[in-house]
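Here are a few exercises to work through with the model open in your viewer. Try each task before you read its solution.

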Amino acid sequence: MTTHGSEEEHKIGIFQYASLSLENLQELFHTSLPEGLSQENAGASLQRDGLNEISATQVHWWEIAIRQFKSPFIYLLLVAAVIVYAIGEHVDAGIIVGFVFINAALGFYQEYKSEQSLRALQQFISPRSRVKRDNNWQVIDSRNLVKGDIISLVTGDAIPADLRVIHTNHLIVNETTLTGESVPVLKDADILPSVPKNIYESHNLLFSGTSVVEGEATALVLETGERTTMGRIAKLTVETTKESEFSKGISSFSSFILRMILITLVFIFLANLVIKGENADVFELVVFCIALVVSVVPEALPVVTTVSLSRGALQLAKHEVIVKRLTAIEDIGSIEVLCSDKTGTLTENSLSATDYSPDAHPALLSYAALTVAQTLEKTEPFDIAIEKEAADWQVLPDNGSKRLMELPFDPVRRRNAVLIRNEKETFMIVRGAPEVIIGLSSLLNSEKEGIEKWISDKGKAGERTIAIAKRTFPGEKETIIPEDEQDLQFLGVMAFADPIKPSTYHAVEKARELGVAIKIITGDSPEVAGAVGVKIGLLDDPSMVLTGSVLQELPENDRAEAITRHAVIARVTPEQKYDIIKTLQRSFTVGFLGEGINDAPALKLAGVSMVVESAADIAREAADIILLQKNLEVIMDGIESGRGVFANSVKYLKATLASNFGHFYAIAIGSMFISFLPMLPIQILLVNLLSDFPMISIATDTVDKNEVKKPRKYEVREIMLVATLLGVVVTVFDLMFFAFFMHEGDKILQTNWFVGSILTELVFLFSIRTKLPCYQAERPSGYVILLTAVAALATVLLPYTVIGEKLFHFYPPSAMHLGIIFSLVAAFFVCSELVKHMYYRYTG
């Protein structure tokens, strides 16, 4: 017997197997339906096609470690460290490398800890399958299944591959992970007359990743591993890539600063050569230029952002949120549109009976209780709600009743039925969509109108409804068929509500305050979704709901506008979810909360992807953030934290760029007018060191309330404009130091300029940390105040120490010189406050 690996077989799509006869399938897969594959052919297939598994990416510790060094700023710092070390400044090189490794250690610790937390959530399970080979049933690891295998399924089994049903006995399957629909689906072995278009129409196909709720079946394995429906989703997930907002911003700054530094240094080097001519010391000038480069690069930025991100992650951890990708903390702050499902996120995901239709049969609840599935664990929402309602009203099951047969719920028939026999009679109870049950019942038109109005009112209120009807049979009937579901006695309608979580109202209000647009994307009906949208304040009119079918019919150019305009999109297929996220992503930073297998590509695509802990493995793999509680309010808190992290990162950038470029230009200009260097290379690097430690504390700083009111992104132009404008103020005051002390000799100028440079940078931090006047801003954090005080004290005292005189070549300032320095620093602070106030006043 030859193995089944022909090109013809591979060209057949999974849905086309649904319309093939069993004889054709047997021939196509070179198997025997009564006997199964032979061990020999199964081994050959396994060798050719590989194991039946989808390889999930496992993040190793060394990958997390390497990730910490993947930053343009880190590359720039390492190059600077090598150059500084090569010219003999070993201490300075060590300081730069120390910054790099502090940043790497902090980032590694947080991300590794998050990864370990994630693994702790995942319990390793080795699924097994009952398979027939060589006409014998045996149990094997599901990973060893191959195409052509015949397997047996019973209640509770996870479906291990894509299958075609051969024989079934009331098989009901939960396909929520693939379709998002919570209602289990009835499967049968009937050959479909035509090729189905999607999963919903494939009643004789079973898909990997779904599970058996009830019944049993024998099935043929069609596809395994990465070729299954779930495997193709995994492949799309892997191939979908995104660049975080954080990475985009940092890359822009790196490129901009590098170009600016190189152009300026070339100009300074050539200007010094031209002005000083033969008196220029080329080697000393090269060393001086290298020191200037190091002084301009904001080397503490990685440490500042990592500390900020780590603190944000710790804050979210207190709310039971696990952050997989550390930079997602900052990215979450840039979310402009948050897409979420409805059930379980905005609502409690627990239906409860709320009302009964007028003139309902007195025993309506008793009859409804008879339709509840007799499974150990209830999964159908209506079953759970009816069972609870019956228990609350102490409606006890009739021990004399016997369930003879059941017709499970069918999405096409939109109803289910049970055949019951008690001591008095044999009868059938039918439960389903009200419009269907009404159509099968003998009701007067006047009765229909009253019931239909009641149902319509409940739908507008966001409540779901199901109708119950009965038919009594003469004699001892043993089985029922769908054709028996007619001439029914209408018993009434039950209404159910899925309560909105109390936290949802606050979350929606907070989203409005934060400038985040919330969009509900759900598979539920437009009536229910619209009612929820009105209740939580997303819609004014419950009819303003876009449906997936209407969206699909719109011209390509109109879809983006429709998606942007509508806050609620209902009856959405999982495939449409991906397209909606992709469309929104073109214009906005999108956050997406999902949980199913089919959500994985959209999760991978979204700017910030979030899942709940109970989500499918592949969805958790694609997500940036995992919520241990499915609560929209937690996400809003995360957005606020992310914006705080972003605000502190921007504070650092503005402060360090304005200070560094201000000193850079002042020292460069001053070097052209005196015969000695205005500041020694080692002193320049020490300025960088002493000012950067307080700068790092900005990661812990408090944030003004107006800084978190709307989504923000790294705007290179805006940040550089502020930094340049205030940098000019720094340059002017640096040149004033130069003018006061240039005639006092090299050591006095270098020392006093050193002290003045650091002190101006330290007080500047208290100005730039807020857009408000400093006295109106939120109080600085304790770390900012403490480290600034320590740095200022060390700066003033260092010139009076032996280390300052011998190692850094300082000369102790006189009391008069200190008075001049302090006066200039105070004047600088007042001037920077005035310039800042005018800038934000005129730019808004």
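**Exercise 1: around a serine**

In this predicted model, the backbone nitrogen of glutamate 35 sits 3.2 Å from a polar atom of the side chain of serine 32. Task: find where serine 32 sits and which residues it touches, not counting those up to four places away in sequence.

Solution. Start with the place: serine 32 is in the loop between helix H2 (22-28) and helix H3 (39-49). Next, check the distance to the backbone nitrogen of glutamate 35: at 3.2 Å, the pair falls within the 3.5 Å cut-off for a polar contact. Finally, leave out residues up to four places away in sequence, and serine 32 touches Gln26 and Ile150.

**Exercise 2: a helix by numbers**

Task: work out how the span of helix H24 (residues 632-671) compares with the one expected at 1.5 Å a residue, and how many of its residues are buried.

Solution. H24 has 40 residues, and the expected span is 58 Å. From first C-alpha to last, the model gives 58 Å, so close to expectation by the 1.5 Å rule. As for cover, 36 of the 40 residues in H24 are buried.

Methods. Residues are numbered from 1 along each chain as its sequence is written. This is a predicted model: local features need pLDDT of at least 70, side-chain atom pairs count only at pLDDT 80 or more; totals for chains, interfaces and linings use all residues. Side-chain values use heavy atoms; hydrogens and water are left out. Helices (H or I, at least four residues) and strands (E, at least two) are DSSP runs, numbered from the N terminus. A polar contact is a pair of N or O atoms within 3.5 Å; within protein, one must be able to donate a hydrogen and the other to accept it, and residues adjacent in sequence count only if both atoms are side-chain atoms. Contact means heavy atoms within 4.5 Å. Buried means under 20% relative accessible area, exposed over 50%, partly exposed in between (1.4 Å probe, protein chains only).
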